[in-house]
Amino acid sequence: MKRKIVPLRTKIFTLVFCLLFFIVAGMSAVFYWIQAKETADQVHQLSLQTAQTISFMPETSAFLTDDRKSDTLLPVLEHIQERTAAQSISIAGRNGTALSTYQNAQPLHESDSRSLIYGGSYTVEEKGTDGEAIIGKAPIVQAADGHSEVIGTVSVEFSKKSIAAQIASQTGNILLAAALALLVGIAGGLWLTRSILSDTLGFEPVKIASLYKKTIDEIRLYSDELRAQTHEFMNKLYVLSGLLQLGRHEAALEFIQREADSVSLQQHIVFKQIKDDLIQAVLLGKTAKASEKKISFSIEQESVLSGIPSHMDGHALLTIISNLIDNAFEAVRQKESPCVSFLITDASPTLIIEVTDNGTGIGEQTVSSLFEKGVSTKGENRGFGLYNVKEAVDACGGVIEVLPNDPSGTIFTIYIPKNAVKGDGHG
């Protein structure tokens, strides 16, 4: 099963989006935490200052000591509550007198003991009139007979629910800024992906790697064929030089004429009838390689190729021809008179490639697994040539036919429709 290839555009965009999302989310969380902490600190300070301010008011101590009615003090406390947005303001005295802006007034709490005993101001977080709350506590002090006495406490309560609502309203601006930053980042990510794909001419990395591999394979193929061709020409020059040194001029002329006739016929077929540079180069290289290996390699005079159809991959056709010829060379290497022939023609609606050898042939049981990867009758670490042929033929939408060659050997025939849509073939 083939691994699904994710396009480069998707990879870059996903990476940029995830990176921006986590950065923006992280910064938003930090800002929220800072905002919550600052708001809580401000509430602590406000509740404490408000409680201290009320404790210093003459009306407060007079309410507890002179038994004054609450009608005078309560409106003042309600006004302060409205201005500070407090949940409630309560006054409780040692004598049991109590006053609150929230329903029924409550007497002294356990948390009031610090103010009553030490006369200090502080804040506590405990259950209030509407759930958990931040409460500022301040002592109400009365001076009498040259000394001071704590006669009660003031409690200013701020509900944590209201604090959370306040923070949420302030967080809206943070979320809006985060959303804008994310949108700008997404736009930048899209621009970056387009810029990178523009620099790579729209090719995905997998395609670039494939083209690079094909180019390297092609260069290696040309290098090998050129080396073989050079070696063969040098051998012929040595033969010619030896005949001339021996004074056998007629034999030298006959050798030159024979080689010229052979080369002339092959070159006529290659250069006049086959109209593709890659195929021409491969056939010339294989001709030299065959000569070096003492193999009779012939290109059929009926061969003709007007050009590779636009929908076909030239590299795939190159792979098919090169591997089939090399496979034939291997098949005849033990024969006394090794012969290999090659035919290519596009005279009909189907491109036909045929390679014939007079080797030992292929058994019927072997044919079924001949094109599997790693399967070969030539030893270990082999069996990739015909597998590559099968892959290339399938890519071109063609089929492969394998038949015995009478009296010995094998005929490989490839049929590729010139107007076919690429798909899976079968052999």
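Before the helix pair, a note to myself: axes are lines fitted to C-alpha atoms, for helices over the stretch in contact, and the angles run from 0 to 180 degrees between N-to-C directions.

**Entry: the model overall.** I am working with a predicted model. I looked up its confidence, and the average pLDDT is 81, with 89% of the residues scoring at least 70. I flagged residues 422–427, where pLDDT stays under 50. The model has 18 contacts beyond four places in sequence for that stretch.

The protein has 11 helices and 10 strands. Its residues number 427, and 35% of them count as buried. I found an accessible surface of about 25200 Å², with 57% of that belonging to carbon and sulfur atoms. Among contacts with a separation of 6 or more, 64% join residues 24 or more positions apart.

**Entry: the cores.** Which residues have the most contacts inside the largest nonpolar core? I got Leu-283, Ile-320, Ile-321 and Phe-342, in a core of 41 residues. Helix α9, residues 314–331, supplies the largest share of this core with 9 residues. I also noted a second, separate core of 22 residues, which includes Ile-134, Ile-140, Ile-151 and Val-156.

I went back to Phe-342 to list its partners beyond four places in sequence. Among them are Leu-283, Ile-321 and Ile-325, along with Phe-297, Ile-299, Ile-353 and Val-355. Phe-342 also touches Ser-298, Glu-300, Ser-303 and Glu-354.

**Entry: α8 against α9.** How do the axes of α8 and α9 cross? Helix α8 covers residues 277–292, and its axis comes within 10 Å of that of α9, crossing at roughly 10 degrees. Angles under 35 degrees count as roughly parallel, so I wrote down α8 as roughly parallel to α9.

Next I read off the residues where the two helices meet. On the α8 side I have Leu-278, Ile-279, Val-282, Leu-283, Lys-286, Lys-289 and Ala-290. On the α9 side I have Leu-317, Leu-318, Ile-321, Ser-322, Ile-325, Asp-326 and Phe-329. Leu-283 and Ile-321 were already on my page from the core entry.

**Entry: α11.** Which residues of α11 are buried? In this helix, residues 385–395, they are Leu-386, Val-389, Lys-390, Ala-392, Val-393 and Asp-394. Last, I checked what comes after the helix, and α11 is followed by Gly-397, with a positive phi near 75 degrees.

How values were computed. Residues are numbered from 1 along each chain as its sequence is written. This is a predicted model: local features need pLDDT of at least 70, side-chain atom pairs count only at pLDDT 80 or more; totals for chains, interfaces and linings use all residues. Side-chain values use heavy atoms; hydrogens and water are left out. Helices (H or I, at least four residues) and strands (E, at least two) are DSSP runs, numbered from the N terminus. Buried means under 20% relative accessible area, exposed over 50%, partly exposed in between (1.4 Å probe, protein chains only). Contact means heavy atoms within 4.5 Å. Accessible areas come from the Shrake-Rupley method with a 1.4 Å probe; for residues, only the protein chains shown count as cover. pLDDT is the predictor's confidence in each residue, from 0 to 100. A nonpolar core is a set of buried Ala, Val, Leu, Ile, Met, Phe, Trp, Tyr and Cys residues joined through side-chain atoms within 4.5 Å. Angles under 35 degrees count as roughly parallel, over 145 as roughly antiparallel, 65 to 115 as roughly perpendicular and the rest as oblique.
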